[in-house]
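Here are a few friendly notes to read alongside the model. Please keep the structure open and find each part as you go.

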Amino acid sequence: MAEFTHSGGGDNRGLPDNPECNTPIPSHAATPGTDGSRAHSRSQFRAWMGEKYDKGKAKVERGMQKAEKGVKSLLDRGKPKNEGEPESETRPQDAQAGGSSKVLAIAMGTFKTALDIAAALVPEPFKGPAEALLKVVDVIEKVDSNKEEVEILKKRCDLLGSSIINVVKGKDARLLSKDLKDSIGRLVAGIWVTLEAANKEKSTGITAYVLAEDDVEVLKKANKSLDEHLHCFWIENHIAGTIVLADILGTVQDQAGHFENSTLDRLKRVPGAAYDSQEVAAKIMPCFEGTRSTLLANVGRWMSGVSADGHNPPLYILDGIAGIGKSTVAITVAQRAADPEINCLGATFFFSRDQEGRRKSLGFVHTIAYQLARYHASYGKAIAAAITSNPEALDKVLTQQFNLLVAKPLYPLLEQRANPLVLVFDALDECIEPDATAVLSLLISSVPQLPNIKIFLTTRPELGLRSRYMGTPNANIFHLQEIEDLIVEQDISLYVNHSLSPLQIQEALGDAYDPYRQPTAEDKAKLAKLSGKLFIYASTAVKFILDKQHLDPKSQLASLLDLQSDRYNSLSQLGGLYLYVLRSAKPAENAESWLIRFKIVVGAILMLQTPLPIMALAMLLKQEEGAIKITLANLHSILAPLGEGSALTYKVHHKSFPDFITGSSCPSEFQIVEQEHHFHLAKSCLQVMNEQLKFNIFQIPVPSEGQMNDLDDLLKEGLNTDHISQELQYAVCYWANHLGKPKKNGFRFYDPVS
């Protein structure tokens, strides 16, 4: 396989190396649902795209002359030269054979111009339809008719042409991916089938095509089909990052405003679970530009409904080992699906073991319902009405919550959708059990019953979850760790070369930048290879190399590369990197006292139920703020300092670090024993409560004799929280969580401070 392994839900349907994906797309493949809903969806999409076309028409026309001039120059290179003419440059169709042609001069252009390019670029069996289509296009361009459907057809052709040109402009023809060429080929093949049917073929000694302009029904059918093909092409390439729809259409916001209603406030949502929340955005970055292109193109095809055999499951499960980049892919899919040009992101939930609300299923359906209610005003009205008519649904079990709050009220609205509504859920393995299994069962059984819904889910392949989703007919399942080494190495090389470029190093180190300490190209290539398939390895390594405590990227990288022959190489690839960072951070002098503080501070950060600012953390642990900062000064590559001043908060970069440092493979001098530190935190919480809690801490006025204050009135007036510190809030809420962690076989808890 070109990039990943597929299992379950079919036999590699729609993958780049599947011969079936070369089959021209059936006109019905892009729109899931029943025939009745499909017809309505087509009309909805047609109106939607017509509005967008009008927005972008001016852009198309402005670029027309420039495009035609550029393409004429490009294609003229392929013509036989007359005697005495200078040597022509390489033709675009020779690009794969080592030519140097670039599609640089193209901005926007006519449909015929785009087909000239397509015929030169697309592989077999798409080349034949592209060349045949040029004959039919001549007929359409010459038709002089003011009939509405003919005008619509011409508009669609212009929009199709400018879409093709957009994905190739400014790119080296030799470097265009197979996925992109196949995508253009499928679009051309679909257009060929559509327009051929819209032309009458007459035999008068020669074959001639005449547009069936007098047959309105034929033209309507052709326009609907073109809408579908264009729709698929846009979504597929937008998710893959190969098309800029704003350049074609301008921005049209399809949302009919947000629905504001106090009823929605009854939903106990988890705000930090959304892909664009501060909690998620601070820890997860989207895919670096140009990476994961084949994977994202595959996701785009699935999302758009492209399938050679009509089978397009509603669920896409991406599983993989820790650190391989699942969350990065998830947030990229979410961001691109949310772009106003396609506006098909309905809801997201990013699970996290570090956050109370995000490691349970308690607020899962409530959060989805709330986000869907905010997606579109009509959705909000339907969900609010469902809550009003059936308020007990808010407290039902997960499946009933979903059916009553989402499925039932939204079903008729989803039937009318022109494009799929996408839900993105990340890191299901970080949800506690049995909650995770309950969520997975909901996604596999209930959600796929809804029309026009697509679910993108990532998880580690934990045994309990894997046994439930493997083999389900409702899902395409892809194992990210089985991507070909060469493809991942190229992606990581792209990231490393950019991150360690002179410009990026200068930006990171500021005035301390020294060009003589610039890592060599050879060492950067070695780092990419050393990273294997783990983007988190490369990311952590880059942070270590650019550490402002050392200010020497070249020697930092060189020391990392020595790991290849280091005795710690028997550890896992990522564990070896973490261990090296820890050993590098340990000072030569006073190492024992540093290790004691290290275990107290890092152990607490890892076991905290919710992150605490450094001031509150210092008060809870009875440590000086300065001592905490010094202890963590050389650990920023694995513990991210966020915020400034008293709001400074340390968070773990990636969940693989807690797995390593609490596991048996970590040497004892650094190993964090969870039970010990939970016990220490429980003790610290009780000490804080003992010191800071006092009678009437909210300073509520004492009522007169015979009178009682109503609690609701007190809450409305607001309570005086001046005497409630952050460490006290934490202690009151979570002391029992830490104390409740079980002992192992009569293990006597060790107090790190005693």
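1. Start with helix H11, which is mostly covered: 11 of its 12 residues are buried. Buried means under 20% relative accessible area, while exposed is over 50% and partly exposed lies in between, with a 1.4 Å probe and protein chains only. Helices (H or I, at least four residues) and strands (E, at least two) are DSSP runs, numbered from the N terminus.

2. This is a predicted model, where local features need pLDDT of at least 70, side-chain atom pairs count only at pLDDT 80 or more, and totals for chains, interfaces and linings use all residues. Residues are numbered from 1 along each chain as its sequence is written, and side-chain values use heavy atoms, leaving out hydrogens and water.

3. Among the buried residues of H11 are Phe364, Ile368, Leu372 and Tyr375. What do the buried residues of H11 pack against? Their partners are strands S7 (345-350) and S8 (421-426), together with helices H12 (377-389), H13 (398-415) and H14 (435-445). Contact here means heavy atoms within 4.5 Å.

4. Now look at Ser361, in the loop between S7 and H11. Ser361 is buried, with a relative accessible area of 12%. Leaving aside residues up to four places away in sequence, Ser361 touches Leu398, Cys431, Asp435 and Val439.

5. Finally, turn to the largest nonpolar core, which has 143 residues; Ile184, Phe456 and Ile661 touch the most other members. Such a core is a set of buried Ala, Val, Leu, Ile, Met, Phe, Trp, Tyr and Cys residues joined through side-chain atoms within 4.5 Å. Helix H22 (residues 591-607) gives the largest share of this core, 10 residues.
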